[in-house]
Amino acid sequence: MCQKNKKTFYITTPIYYPSGKFHIGTAYTTIATDVMARYKRLRGYDVRFLTGLDEHGQKIEEKAKEAGKPPKVYVDEMAEMAKALWKRLDITHDDFIQTTEVRHQQLMANIFSKFVENGDIYKGEYEGLYCTPCESYYTESQLMKGMCPDCNRAVNRVKEASYFFNMKKYANRLIQYYEAHPDFISPGFRMNEMMNNFLKPGLEDLSVSRMTFDWGVKVPNDPKHVIYVWVDALTNYITALGYGSDDDALFNRYWPADVHVVGKDIVRFHTIYWPIFLMALDLPLPKQVFAHGFFTVNGEKMSKSKGNVLDPDMLSNQYGVDAVRYALLRDLPFGQDGDFSSKAFVERINFDLANDLGNLLNRTVSMVNKYFKGIVPLYAGCVTAFDGELEQFIAETVQKVELNFEKMQFSLILSDIWALVSRTNKYIDETAPWILAKEVENEAQLAAVMRHLVESLRQIAILIGPFMPTTTHQMFEQLGIKNEASQTWASLNQYETLPEATTVIKKGIPIFPRLEIEDEVAYIQAQMSKDADFVEQVDKEVVEKGEDAPTIGIEDFTKIQLKVGQIKACVQHPKADRLLVSQVDLGDETRQIVSGIADHYEPVELIGKKVVVVTNLKPVKLRGELSEGMVLAASADGKLSLPELIDEMPNGSVVK
């Protein structure tokens, strides 16, 4: 293998299981990985960022069957959903691999054959405990109260012919590697978990094939067996680079990986199975596996039954991608468990983004326009008593940020950057430019203040770039910073990079508008409780119970405006499988209405249909599409039907 370029950086996320929906935890992993990849690019590294989907195994076969689709069709649809979500979240991956791709399957089968040739795999009979959702085997001692220790579901006793990987052969070597590389697993306590729970008690040989299902890569020369999904999935990190192919240039360039970013539930696979597979292939191990913690939501574990599953698409549509990226990484120390609070999320946007950063930018742009006709004064050194202190604070912030990036301590990085934001706001209060502007002899001091404010904001914009790329661009635009030399990481702490004619915009638009906290918390809660698909305008449970519905007077009923409408056009919602977007003719106007009826009607069935519409509801955005009313429907026993109306009834007729 040729010598790896010292300036390369290979980072991966786990390839995700395509369950049909990507929740905030999946987005958290990918956003964090993207932040690290962006940072390394800014530092001049040749970065390779890999993500993708793990598409084989029994649970995928079952999911596809539930959906009534062939497995390949199902996983391809999930892949398109994932790619679309990553695009919306501004993820800059260089490769997206599906384990059903030919480029992976053939190379992975070759790797399995190599294990066999080297004597690492033998055929026998497996009898033991298997968790289908986790695609994982367990011993009795590893179970928690008889249940899977990772997902707390029931395990099944399996007995079948199987191929086994000789894990015992490499166990002592792996222990020695741990001892020689204490930073191999981060945080460090995860290494202790692997040692105490798996390696020291004695590593069992691993069953690496199954015969009870068909969806997977077949064992070479024994097609009755399907290769165990974790052998399949883990090898993507090298097959995506062309290992074992006729073109292994990427593998020679980027391997070993600098860091695999994973969730804590799959640490064992990445720090025990994967290193042993690599040892068997005589390949170097990744430099680090970083395991992050999990979210609870408002103090509870995410669960559809609890109505608290967070949809990253919903959050980014409502609050902007940068706000979501910032808030997810700001509060939770990377590597630890933490809680997502709806209120804390909205407050972060208001206090950190709108008040602290947004207000600092707006004040600075306004003052440069007011005092210097929009032209940023030239740097004249430290003129006021506070200039040097601010410059020193900036230099120290850059050092701390760079140090914590190497540790992937994203919450500390953002904390340090926002300390600089606060220090710059304090600098305005200390220098009081509105007082300096009253006397002509203070012009040099006023110029120094304006220059230091713009310079501090320029550096803040660069520092937040990996986290909030759109915000960085907006800040550069408002500050009039167009030359690339002033936008690079290398330009930090250099006050001479701005051209003489740098001109701020005349009037800045707030980059983060303030939010009404109570309203937005209620919105998030409503979205979660409705499984993030649509906002009900009435309480569905109360209506369906009938006998428990509250009584109303005629004065309440007359507040509801019902009209006849005719659906002129109808399409599937681009971001929600359960929603249809209809254009409804109400006689004197046409309105767009979003309805959760896609499970019961095809769009073409509804065109021309006359319906009853509630027309005086407050308009809302449902997954990014405006809805200006509600189409009434009847439901019973899981079925839904739209009431039929006489065709002669004119559109817009009032229903009483």
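Let me start with one residue. Thr 497 has a relative accessibility of 15%, so Thr 497 counts as buried. By buried I mean under 20% relative accessible area; exposed is over 50%, and partly exposed lies in between, with a 1.4 Å probe and protein chains only. Thr 497 sits in the loop between helix 18 (469-479) and helix 19 (517-529). Helices (H or I, at least four residues) and strands (E, at least two) are DSSP runs, numbered from the N terminus. Leaving out residues up to four places away in sequence, Thr 497 touches Arg 458, Asn 483, Ala 485, Ser 486 and Ser 491. Contact here means heavy atoms within 4.5 Å.

A word on the source. This is a predicted model, in which local features need pLDDT of at least 70 and side-chain atom pairs count only at pLDDT 80 or more, while totals for chains, interfaces and linings use all residues. Residues are numbered from 1 along each chain as its sequence is written, and side-chain values use heavy atoms, with hydrogens and water left out.

Five strands make an open sheet, in the order 19-18-17-20-23, with antiparallel pairing. Strand 19 (590-595) and strand 23 (630-631) are at the edges with a single partner strand each, so one side of each has no neighbour in the sheet. Two strands pair if DSSP finds at least two bridges between them.

Take strand 20 (residues 610-614). Five bridges join it to strand 17 (residues 562-572), and the two run antiparallel. Across that pairing, Lys 610 is the bridge partner of Gln 566, and Val 611 stands opposite Gly 565. Strand 20 is also joined to strand 23, by two antiparallel bridges, with Val 613 opposite Val 631.

In a regular strand the side chains alternate between the two faces of the sheet. Here, Lys 610, Val 612 and Val 614 point one way from strand 20, Val 611 and Val 613 point the other way, and all are buried.

Now helix 13 (residues 342-372). Its 31 residues span 42 Å from first C-alpha to last, close to the expected 45 Å, where the expected span is 1.5 Å times one less than the number of residues. Helix 13 has a kink of about 35 degrees centred on Gly 358; the bend at a residue is the angle between axes fitted to the seven residues ending there and the seven starting there. Just after helix 13, Lys 373 has a positive phi of about 55 degrees.

What about the interior? A nonpolar core is a set of buried Ala, Val, Leu, Ile, Met, Phe, Trp, Tyr and Cys residues joined through side-chain atoms within 4.5 Å. The largest one has 107 residues, and among the members that touch the most others are Phe 345 and Phe 405. Helix 13 gives the most to this core, 12 residues. A second, separate core has 69 residues, including Val 219 and Phe 277.

Last, the aromatic rings. Rings of Phe, Tyr and Trp (its six-membered ring) pair if their centres lie within 6.5 Å; planes under 30 degrees apart are stacked, over 60 edge-to-face, and the rest tilted. The whole structure has 31 aromatic pairs. Tyr 178 and Phe 184 have ring centres 6.0 Å apart and planes at 40 degrees, so that pair is tilted. Both residues, Tyr 178 and Phe 184, are buried.
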